[in-house]
Each structure stands twice: as C-alpha cells, then as structure tokens.
Amino acid sequence: MRRMLGRTRVVRLSTVTLLAPALAYLGVFFVYPIFVTLRTSLERTGASGYSFDNYRAILGSGYYWNVIGLTLLLAVATTLASIVVAVPLALVLRTHVRGHRFVRVLVLTPLLILALISALGLLIIWANTGWANKIIASIIGADIQVDYTIKGLIVFYTWLYAPYTILTTLSAVEAIDPAVEEAARVTGATPIQVLRRVTLPLSLRGVRAGSILTFLLAFEAFSIPLIAGGNHRPLAVVVYTEATVFNNFPKGSALAIVMAVIAVVVLVSYQALSTGRQRREGRT
Amino acid sequence: MSGLAAASRGAGASASSESPARMERIAHSTRRLLVYTVLLAFSLYIVGPFAAILVNAFGQGWFGGRWLPETWTLKWFRFARTVADLPTLMTNSLTIAGLAIAISLAVGIPTAWAMAKRRVRARALLMALILLPRMVPPITIALGVSREFYGFHLVDTHLGIALAHSILIIPLVVLIMSATFEGLDDRVLEAARVCGARWTHTSWYVIRPLVMPGLLAATLFGFVTSLNEFTLTLLTYGPRTVTLTVETYVQIGQGFTTIASALSAILLVPSLILLVLIQNHIKPENVVGGTKGI
Amino acid sequence: MTSARKMLRRGRARTSAAALAAAAGILSVMLGIGGSASAEPAGSTHAAATSITFVDTAGGANFQQFFKEIIPQAEKDLGITINYLPSSAPELLQRLQGGQANQDVVLLKPDGLTSLTNAGVPLVYLQARRPKIPNLHLVADADIKSVLGIPTHGVAVPFWRDQFGIIYDKAKIKNPPKSWQDFYNRRNEWAGHIGIIRPDATSGGGRIMLRDFLLGIGLDEKPPFSQIQSSSEWTQDLQKLRTFASAFYKPAAGSATDLFQQFAQGNVWITEYAIDFTLWSRDQGLLPKTVGATFFKSATYGGAAYLAVPGNISVGQKLAAFKFINWLLSLKTQTRMLTEMHEYPGISAWKKMPASAFKDIPTWTTVQAFRTPLENNDLYTWLTQNGMQLLGG
C-alpha cells in the first residue's frame with residue numbers, strides 16, 4: 001500500500017512479510033529438528049516400528065509426574081520470588097537512594113557469568129560450612145541446609161533468573177510519569193492507594209514481560225540442578241540422563257516433547273489471562 | 001513498602017504527646033535503615049557467588065569449611081593458559097556471539113514490529129510458538145540440528161554455530177522488542193509523518209532513540225545466551241571453533257572447579273566493563289515503557 | 001473489486017514476493033559463505049594426510065594438560081598437525097551417527113567403546129594394521145580381545161590402564177577396611193561419611209563402586225545377566241547392597257568434581273575412585289594432603305582407555321591416524337605417562353619401565369592379582385539405570 005503524504009512515500013510491508021523471516025528461520029532450524037525428535041520419540045527401544053510406548057510409559061508413571069511437578073514447582077516459585085524481589089526493589093531504586101547506581105549494575109551481573117560457574121559459586125557460598133551459613137549461624141545459632149534442597153534450588157534459580165524480571169520491572173516503573181501519581185495524591189489518595197491503584201497497575205506490563213522470561217528459563221534450567229540439585233532432578237536433567245547416560249534417545253525425546261507441551265500450555269494460559277485482565281482494567 | 005507507609009502514617013497519627021515532627025523523623029530514619037538493610041542483604045546475595053569464584057580461582061587448599069583457602073596461588077591461571085588457549089577461546093566465543101546477535105536482530109525485529117503494531121490473528125498462540133525454542137531443552141533439537149548442519153557443511157564454522165545460537169536468541173528478541181514497540185506511541189510516529197519526515201529520517205532520529213534501551217537489553221540478553229550456550233555448541237563445534245563454554249564445561253565435568261573458576265574470573269573483566277558501559281546508555285524508563293508525558 | 005484494490009493486492013503480493021526472494025537469496029549466500037567443514041585432503045589415496053583431529057573422551061583435566069604437553073612433540077616427530085579436542089562419549093556418538101567424518105583418532109572409556117560398537121558405528125580393525133602400527137606388538141593380545149565382556153575383535157587398543165582403589169582421609173580414618181566384606185561389617189564406623197557418585201551420572205565411578213561391592217561380597221559376574229538375576233544369591237546380595245548404601249553420605253555426588261568437593265568439605269571420608277586422578281589432584285592441592293589410597297585384595301575395577309579409528313574417514317586420514325597411534329604406543333610416550341601421571345601404560349613392557357615409578361602405586365604384578373575389569377555389560381547397564389533406587393533415591 002502506498003500512501004502519498006506531501007513528499008513522503010511510505011511503503012507498507014504486509015504483516016506476512018514482516019513475520020516471514022522469523023517464521024522461515026524457525027521453520028528450517030527448529031521445526032525440522034523437532035520433527036526428527038518427534039519421530040525418534042515414537043521409536044521403540046530395541047525394536048523396529050513406531051508406537052506411543054514411550055509416552056505411555058511417561059504419562060503412566062508416578063516417577064515422571066513427580067519430575068514434572070518438581071519442575072513446575074521450581075519454575076513458579078522462582079517466578080513469584082523474582083516478582084517479590086523485583087517490585088519493591090524497583091520502587092526503591094526509583095527514588096534514587098544512595099548507592100542506587102551500584103545496585104542497578106549489580107542486578108545485571110548474574111547474566112554475565114556462565115550458569116555452570118554460578119552454580120559452583122552458589123554451592124560454595126551456601127554450603128553447610130560456607131560463608132552464608134557462617135553468618136546465619138552467628139545470628140540464629142544454627143545452620144540452614146540450603147545446598148541440594150528444593151528451597152536451595154529456588155534460592156539459586158532466583159539468583160540467576162530474577163535479573164530479567166528486575167530489569168523489565170524497573171524499566172516499567174521508571175516509565176511511569178510522576179505527574180500521574182502526583183495527580184492521585186493531590187486528589188486525596190493515601191500512599192498505599194496510590195501504590196495499589198496507580199503505580200502497580202502501570203508497571204504490570206514490565207512485570208509480565210520479565211516474569212515470562214524468568215519462568216521459561218527456570219522451567220528449562222539445566223546446569224544448576226545438574227550440579228546443585230542433589231536428588232531433585234527436574235525435567236531438563238532427566239531428559240539429559242535418559243538420552244546420554246542411558247542412551248535411550250526415544251524416551252528422552254518423548255520426555256522433551258511432553259516438556260514442550262506443558263510449557264506452551266502454561267505460557268498461553270498466562271498470556272491469555274494477563275491480557276484479559278489488562279483489557280478489563282483498561283490498557284495504559 | 002506499604003508497611004513502611006503505614007508505619008509512617010501510624011506514627012504520625014498516634015503522635016499526641018510527642019511532637020509530630022520528631023515522630024516523623026524517627027519514622028523516616030527507621031524507613032531509611034530498613035531500606036539500606038534490605039539493599040545490603042540483596043547486594044550480598046548477588047555478590048556472594050562472584051566472591052566465591054574469585055577466591056576459588058586464586059586459592060589452593062580451601063578445605064573443611066574454612067573462611068579462606070590455605071594458600072594463594074596463580075597456578076590455576078597458568079594452567080588455564082596452557083590447557084586452554086585463552087585468546088583463541090575468547091575470539092571464538094565473541095565472534096560467534098556477534099554473528100548470532102546480528103542474525104537474530106535482522107530476523108527478529110521485523111517480526112517483533114508485526115506482533116506489536118499489526119493485528120495478528122491468534123497472537124498469543126503465535127507468540128507461544130515463537131518462544132517454543134526456549135522451552136524445549138536444547139538436547140532434543142541438538143541431534144536434528146547437527147544432522148542438518150552436516151548436510152549444509154556448517155559444522156565447525158563460526159557462522160554455523162552462530163546460526164544454531166540464533167535459534168535460541170530470536171525468541172528473546174521478539175519477546176523484548178515487541179514489548180518495546182508496543183510502548184512506542186503511534187502518535188509520535190504520526191507526528192513525525194505529519195511534519196513531513198522521510199521514513200529513514202523517522203527511523204534514525206525518532207524511533208531509534210526510543211527503542212534503543214530495548215535494543216540494548218535484547219543485545220545484552222542475546223550476547224549472554226550465546227556465551228552460555230553449550231548443548232547445541234557441543235554438537236556443532238570442531239577444533240577450529242572451541243568456545244569458552246565448551247572448554248569450561250569439559251573442565252568442570254571431567255576436571256577441576258579451580259581451573260573453571262580461573263577461566264570465569266578472566267571472562268568477568270571484559271563483561272563487567274561492557275556492562276558498565278551499557279548501563280549508562282540503557283535509560284531504564286524506556287525499555288518497556290513508551291515516552292513520558294505525551 | 002475496484003481497480004484500486006486490485007492494484008493494492010498486486011502491490012502487496014509483489015512486495016511480499018520481493019521480500020521472500022531477498023530472504024532466500026541472503027540465506028543461500030550465507031550458506032555458501034559457511035563453506036565446507038573439514039577440508040578433505042586432495043592428495044592421492046596412498047599419501048597420509050597432514051592434519052588429524054584427536055578426540056579425547058576419557059581424559060580429565062590431568063590428562064588434558066598431559067596431552068597439551070606431549071602433542072607438540074608428536075607433531076614435530078611425525079610432521080603432521082594434530083588438533084586436540086576434549087569431548088564426551090555421548091556427544092561423539094551423536095556426531096558419528098549424524099555422519100560427521102572429522103574425527104580421526106578417538107580415545108574412549110570402556111562404556112564409550114561399547115556404546116559405539118552397540119550402535120553399529122564402524123571402527124577400523126586395528127589388529128590387521130600391524131604393518132602400519134608396529135608398536136602393537138608391545139600390547140598384550142588379551143588386552144585387545146574384549147571389553148566389558150563384549151568381544152571387540154581388535155578394533156581398539158588400550159592407551160592407558162587405570163586402576164581404582166579405596167581413597168580415604170588418613171586424618172579421619174586411622175584403620176581403613178581391608179576388604180569389601182570388612183568394609184560392609186564395619187560400615188557404621190563411617191556411617192554418613194562414605195561417598196559415592198550417582199550411578200546415573202556421566203562419570204562411571206559410582207556404578208563401578210556398586211559392581212565392585214557386589215563382586216566383593218561374592219557375586220559372580222561371568223554368567224549371562226538373565227541367569228544372575230534369577231538366582232537367589234542376587235536377591236540377597238542386593239539386600240546387602242541396600243543396607244550398605246544406607247551408610248552413604250547423601251545426596252550422592254553428581255560428578256567426580258562434586259565428590260572431591262565433598263572430601264574437601266570434610267563430609268566424605270572414604271570412597272572408591274581412580275587412583276591416578278586422585279593422587280594427581282592431591283598433589284595439585286585440590287584434595288587434603290591427608291588423602292591416601294589403599295587396595296583390597298580382590299574385586300577392584302581396573303580399566304583402560306582405548307584408542308580407536310572411526311571407519312568413515314578417508315584412507316589418507318587413516319594412514320595419518322595410524323602414525324599417531326603408533327607414536328602414542330611408543331615406549332618413550334608410555335614411560336612418560338607412567339612416571340608423570342601415575343597411570344599404568346597400555347603396553348606391557350614392564351622390564352623396561354623405571355622402578356621409581358612404583359613408589360606411589362603398586363607394581364603391575366600386585367595389581368594384576370586383584371584387578372577386575374568390567375566383564376558383564378548388562379549388569380553394568382542395570383546398575384546404571386537402577387542404582388539410584390538401590391541408594392534409596
């Protein structure tokens with residue numbers, strides 16, 4: 001479509017053309033490998049022909065449902081913890097307290113280090129005789145077992161993945177025009193009401209984008225639970241073990257497909273719910 | 001935060017015998033103390049593992065729950081230099097990351113624009129499909145990717161590995177940039193058009209500064225993803241394209257945490273510099289928001 | 001439809017087509033620039049290639065350093081370029097199954113070798129290449145015959161032979177056990193401080209420890225596994241294993257590195273693991289200086305790392321690969337490995353080895369008496385998949 005406006009010519013690319021590069025790229029480099037995986041997942045271990053045996057084995061086994069439950073638990077808990085950390089932190093940093101510049105840079109540092117290495121560092125810090133427990137012991141007189149526990153995994157995940165949520169929340173919070181909050185205050189709202197009715201809803205878009213990222217990364221987390229999970233092994237680790245240690249590629253592939261389906265379902269529901277809510281509260 | 005507000009209000013309201021100003025000051029100091037304590041705890045939480053890695057990289061004999069290692073040494077760095085050819089590793093990792101970001105931005109930005117500015121049917125589903133590569137553990141597409149790449153003669157090439165990394169980075173670009181573009185107020189673009197600006201002029205002088213924070217964030221996340229990636233890399237690399245992550249994974253899996261720590265310590269320096277430089281340019285208010293006050 | 005609309009549609013279609021054509025063009029140019037992966041030498045089929053890739057799936061950091069030191073010497077002696085690539089067996093298998101032909105010499109652990117042969121990956125029958133690999137005569141025939149009870153028909157030759165032993169912290173344990181039975185009877189002396197690597201980890205240390213325990217309390221692994229499983233001794237032995245495992249430190253280590261970290265933290269006092277790696281780590285200050293080794297009189301794993309040549313490379317590459325293997329099996333290289341790495345050589349030329357090398361490790365005659373390679377692949381696989389259940393996890 002061409003629009004002539006004065007001496008301006010605007011060539012408007014169709015929506016399909018804009019979507020094409022990414023879709024084509026992922027078609028070639030992602031969809032095809034996924035088909036290879038799907039085909040492998042339907043193979044029978046040690047026999048020829050195709051069947052749904054692997055899926056039956058996975059979905060019918062309590063063990064694998066436990067693994068799925070653990071993965072979801074870790075991902076959701078980490079996402080919530082990240083939001084709980086991100087929102088107050090963003091509000092505080094917004095006021096430019098002393099040292100806020102340092103904290104802003106600090107927030108991004110977990111991104112710079114390889115996940116494998118941060119797993120190692122976290123294990124060292126939170127060991128029973130590590131620095132964190134030495135400090136905690138001097139305060140409350142006893143060690144807290146963090147390494148190799150579920151709550152430990154949540155602490156580690158949050159360390160690694162919260163920065164994504166913090167960054168987007170901070171951006172959204174700082175984008176809020178103070179004039180709007182001022183207007184609310186002037187018309188008699190208490191600070192809490194300003195927070196609940198004005199500030200938080202306006203920062204929701206940022207929280208949403210970042211927490212999606214955090215959830216995804218926590219869901220597919222591999223390096224941290226491999227090294228620091230102890231007996232708690234989420235989906236990515238189990239897929240890896242099935243495929244490379246047990247050499248059972250069909251089962252590993254089936255597990256990976258199940259993993260993908262769950263993630264898509266959760267994500268689509270989350271998107272639909274939060275977009276619906278945003279529409280109800282009025283888009284800002 | 002609401003608790004603090006309540007505290008200050010409560011303190012103010014119940015001040016009958018004390019002077020309101022004094023109560024206000026006490027509440028204010030308490031609030032500041034609380035804020036600083038929380039910030040300090042948060043900072044320790046984040047900095048802790050870095051400190052542990054550095055101490056591990058420079059120490060020897062860190063046993064039995066001691067505060068610090070027995071002796072200090074540089075030998076892990078020397079070891080890292082002989083066993084791991086560090087300049088080549090860094091060149092490989094950085095080249096691949098750069099290529100991957102260029103490809104991902106080129107492919108992802110048009111799609112992000114479409115998702116943000118155009119009416120796309122089943123948007124949620126499409127977005128979920130685009131994000132799918134980040135939800136499937138890389139090991140499952142690794143085999144298919146490896147076979148494909150072998151057919152295309154892309155194994156053991158920087159471009160090949162960059163293409164593999166892009167599979168994981170394009171979803172990030174689309175996710176972040178679509179949020180950024182969503183915040184880009186159409187009225188600003190309309191205003192530019194009304195003033196007669198050419199499309200190229202509009203892009204450079206109007207759009208670019210507004211989306212720069214989002215662009216930088218996407219670049220940073222993409223860079224980090226590429227540096228960290230090892231499952232796909234393990235199947236597509238060769239002697240000419242050993243990356244830092246592959247080397248570290250091999251070291252830590254079959255070898256020594258101290259050497260891996262030394263490698264990471266070396267990597268931290270340029271990363272921190274890069275971060276500080278970028279930090280000054282990411283104006284946080286514009287990554288996900290639009291312009292203020294229009 | 002108005003003509004304006006028709007024009008609009010055509011315009012849009014044209015733009016889309018142009019965009020897609022451009023994308024396709026860019027993609028094909030990019031793929032063209034990608035270039036070919038490994039340059040096949042264009043020489044005649046009888047000339048050895050000038051550059052090979054050596055993939056190491058068996059060496060830890062200690063051997064990676066060793067290889068980095070000896071490979072430049074090999075390059076000088078042989079006049080070829082050798083690219084050294086540390087990797088792991090699962091990745092190597094995937095590359096070979098995917099048809100990649102840029103691995104010329106591979107170094108494999110026993111289970112790596114069996115997973116390749118079980119998957120049907122063609123390997124060169126090195127036995128028949130004796131004219132090209134003269135140093136093969138230094139290797140005992142029995143060492144080329146079979147691995148893990150699976151006859152390999154001479155497709156691989158041992159480069160080194162490693163030995164497991166009982167590692168313990170002398171400061172914490174004054175009187176170590178003398179046999180597996182002794183270890184079992186006295187397990188409560190060290191309850192909660194016996195370390196093990198997860199049987200389902202990439203590293204085989206944990207499942208080897210389980211197998212050695214079973215052998216030590218009387219299991220015979222020579223019969224086929226189905227026969228073993230249906231015997232009554234099997235149930236009793238497994239019960240003993242479960243009881244023994246209740247004294248392990250939990251959670252089990254995810255890798256050898258993790259296990260050593262547990263030693264360093266003082267949580268684990270005793271375990272079974274590879275002696276060369278442990279002694280080297282102690283010398284490097286990664287384990288407490290009080291760590292030492294002791295050996296039971298029987299039922300202790302002894303294995304090897306095997307050199308093999310994939311069958312899907314060109315003749316020129318194979319010739320160069322043989323030259324390198326010959327160099328690795330030479331007396332000079334093998335002696336150097338023994339003295340520097342505390343590792344038993346793959347060749348059997350004991351009279352020519354210096355006596356000083358056997359200060360920290362027992363002589364081969366002593367070791368041969370109790371050394372028990374893995375003989376039953378099915379048992380080993382069963383332990384891999386079910387080991388964690390036995391440990392109560």
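How many residues of chain A are in contact with chain B? In this predicted model, 85 residues of chain A are in contact with 83 residues of chain B, with contact taken as C-beta atoms, placed from the backbone, within 7 Å. Helix α1 (residues 15-41) of chain A gives the most to this side, with 14 residues; helices here are DSSP runs of H or I with at least four residues, strands are E runs of at least two, and both are numbered from the N terminus. Sorted by class, the side of chain A that touches chain B has 64 nonpolar, 15 polar and six charged residues. Nonpolar covers Ala, Val, Leu, Ile, Met, Phe, Trp, Tyr, Cys and Pro, charged covers Asp, Glu, Lys and Arg, and the others, Gly among them, are polar.

As for chain A itself, there are 12 helices and four strands. The C-alpha trace of chain A spans about 75 × 70 × 30 Å along its principal axes. Buried residues (20 or more other C-beta atoms within 10 Å of their own, with C-beta atoms placed from the backbone) make up 49% of the 284 residues in chain A.

Now for a helix pair: A:Ala115, A:Ser118, A:Ala119 and A:Leu122 in α5(A) meet A:Phe156, A:Trp159 and A:Leu160 in α7(A). By class, that contact has six nonpolar, one polar and no charged residues.

Residues are numbered from 1 along each chain as its sequence is written, while chains are lettered from A and ligands numbered from 1 in written order. Because the model is predicted, local features need pLDDT of at least 70 and side-chain atom pairs count only at pLDDT 80 or more, whereas totals for chains, interfaces and linings use all residues.

Terms used
Contact = placed C-beta atoms within 7 Å. Buried ≥ 20, exposed ≤ 12 C-beta atoms within 10 Å, placed from the backbone.
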